[in-house]
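Here is a protein chain to be examined by asking what each label rests on. Please read the questions with the model open.

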Amino acid sequence: MGASPGVELDVDLSALNTFGLRARAARLVRLRSAEQLAAVIAEPAWASAPRLVLGGGSNVVLCGDFSGTVLKVEIRGRRLVREEAAAWIVEAAGGESWHDFVRWTLAQGWPGLENLSLIPGTVGAAPIQNIGAYGLELAERFEGLDALDLRSGARQSFGLQDCAFGYRDSVFKRNPGRWLVTAVRFRLPRPWQARLAYAELVHEVQAAGVSSPTALDISDAVCAIRRRKLPEPAEIGNVGSFFKNPVVDAAHGARLLAGHPAMPHYPQADGRVKLAAGWLIEQAGWKGRDLGAVGSFERQALVLVNRGGATGTDLMRLAQAIMADVEAGFGVRLEPEPVFV
């Protein structure tokens with residue numbers, strides 16, 4: 001049976017995921033408008049086949065060929081919704097590049113997202129993961145979003161509470177294949193205040209000779225740090241930070257600190273302690289170490305990389321080996337950030 005208009009059959013996905021994993025999809029739809037989805041859902045093959053929503057492919061591990069429909073979100077658009085005394089409300093479509101959107105807001109004079117600069121992926125994928133970096137999470141700047149129910153095609157708006165955001169988590173991540181985010185709105189508070197909670201970021205700003213940094217200065221500093229630490233996916237396949245920073249109870253944290261006084265740790269409001277996954281992986285002896293076609297990046301242990309020709313199975317084997325060694329050495333169970341398909 002031939003493909004309907006806008007549908008591609010037997011598609012190579014290796015260029016559509018930043019780890020460069022070899023996989024194929026039975027069907028792929030490049031979704032450029034919300035209205036286009038209605039025709040896709042009406043097809044007989046839709047109800048019975050699995051589905052995968054794909055943005056920039058920067059937070060997904062393809063473990064093999066996909067037998068269903070991949071929806072590649074390519075909806076574009078960005079705008080100022082309204083200006084309030086206390087905030088700018090800004091919206092971007094789900095298919096927009098996240099980093100390009102952040103830099104656009106700064107160029108327009110609407111600061112607030114600068115700490116999240118250079119995070120790969122699309123705007124639509126950002127709330128699914130509740131992306132965060134350098135002391136800021138997306139949830140703190142979130143106003144609302146629009147999504148399509150992939151069962152019925154109906155449009156639904158979500159507020160902050162509806163999204164049930166957690167650490168690298170949301171209601172969307174807990175219900176894979178249910179929702180497709182078409183637009184996200186952000187509340188960028190005014191007057192702007194710099195968020196400089198991380199010493200690494202402070203040092204980067206100071207090294208640039210800036211005493212009173214602007215939002216653009218902070219964005220530039222974040223970009224400089226990330227470019228030093230993280231490999232460019234076009235050159236070395238990766239999905240950025242592969243594991244979440246684990247959080248342990250106070251007693252466990254105290255025991256670890258007694259044995260490792262230099263261990264990076266971040267006390268939480270509830271008394272627990274967040275640990276640095278990259279440090280734990282490095283201490284377990286995995287930094288710069290390969291396992292077949294995959295390995296831990298030599299400049300940042302938290303980043304797993306494709307040395308060439310890797311499969312999802314290779315990556316799963318490496319992740320499990322690292323998790324086992326960290327748990328054996330520290331009693332801490334690491335949890336992967338990306339979604340395994």
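The questions and answers below concern a predicted model.

Q: Why is Cys163 called buried?
A: The relative accessible area of Cys163 is 0%. Buried means under 20%, so Cys163 is buried.

Q: What makes Cys223 buried or exposed?
A: Cys223 has a relative accessible area of 4%. The limit for buried is under 20%, so Cys223 counts as buried.

Q: How many disulfides does a search of the whole structure find?
A: The search finds zero disulfides. A pair of cysteine sulfur atoms would have to lie within 2.5 Å to be called one.

Q: Why is helix α3 described as largely enclosed by the rest of the structure?
A: Helix α3 covers residues 98–107, and seven of its ten residues are buried, so the description follows from that count. The buried residues are Trp98, His99, Phe101, Val102, Trp104, Thr105 and Leu106.

Q: Which elements do the buried residues of α3 pack against?
A: The strands are β6 (78–83), β7 (87–93) and β12 (179–189). The helices are α4 (126–129) and α7 (215–229). After α3 comes Gly109, with a positive phi near 85°.

Q: What makes Asp10 partly exposed?
A: Asp10 has a relative accessibility of 48%. Buried is under 20% and exposed is over 50%, with partly exposed in between, so Asp10 is partly exposed. Asp10 belongs to strand β1 (residues 7–12). Its phi is near 50°, a positive value in a residue other than glycine.

Q: Why is Tyr134 called buried?
A: The relative accessible area of Tyr134 is 10%. Since buried means under 20%, Tyr134 is buried. Tyr134 sits in the loop between β8 (132–133) and β9 (136–137). Although Tyr134 is not a glycine, its phi is positive, about 50°.

Q: What joins Arg190 and Pro191?
A: The two residues are joined by a cis peptide bond, with omega about 0°. Pro191 is placed in the loop between β12 and α6 (199–207).

Q: What is the order of the four strands in the open sheet?
A: The order is β13-β19-β18-β17, and the pairing is antiparallel. β13 (237–241) and β17 (290–291) are the edge strands, because each pairs on one side only.

Q: How do you know that β13 and β19 pair?
A: Three bridges link β13 to β19 (residues 300–306), in the antiparallel sense. At least two bridges are needed for pairing, so the two strands pair. Within this pair, Gly237 is opposite Asn306. Helix α10 (residues 312–330) packs on the sheet, where it touches β17, β18 (294–297) and β19. The direction of α10 makes about 50° with that of β18.

Q: What makes β17 and β18 a pair of strands?
A: There are two bridges between β17 and β18, which run antiparallel. The requirement is at least two, so β17 and β18 qualify. Leu291 has Val294 in β18 as its bridge partner. Two residues lie between the strands of this hairpin, and Gly292 takes a positive phi near 70° there.

Q: How many bridges join β18 to β19?
A: Four bridges join these antiparallel strands. Pairing needs at least two, so β18 and β19 pair. The bridge partner of Ser296 is Leu304 in β19. β18 and β19 form a hairpin, with two residues between them.

Q: Why is Trp279 called buried?
A: Trp279 has a relative accessible area of 17%. The cut-off is under 20%, so Trp279 is buried. Trp279 lies in helix α9 (residues 277–283).

Q: Which residues is Trp279 in contact with, leaving aside its neighbours within four places in sequence?
A: Trp279 is in contact with His260, Met263, Pro264 and Phe330. Contact means heavy atoms within 4.5 Å. The C-alpha atoms of Trp279 and Pro264 are 7.5 Å apart, and the two residues are 15 apart in sequence.

Q: Which residues lie nearest the centre of the second largest pocket?
A: They are Leu118, Pro120, Pro231, Glu232 and Pro233, out of a lining of 22 residues. The pocket holds about 480 Å³ of space. β13 gives the largest share of the lining, three residues, while α7 and β13 each supply at least two.

How values were computed. Residues numbered from 1 in each chain as written. Predicted model: local features only at pLDDT ≥ 70, side-chain atom pairs only at ≥ 80, totals over all residues. Heavy atoms only, no water. Buried < 20%, exposed > 50% of the residue type's maximum accessible area, 1.4 Å probe, protein only. Axes fitted to C-alpha atoms, helices over the stretch in contact; angles between N-to-C directions. 1 Å grid on protein atoms, 1.4 Å probe; cavity = no way out; pocket = protein on both sides within 12 Å on 5 of 7 lines; lining within 4 Å. Points joined across faces, edges and corners; volume = space filled by probe spheres on them.
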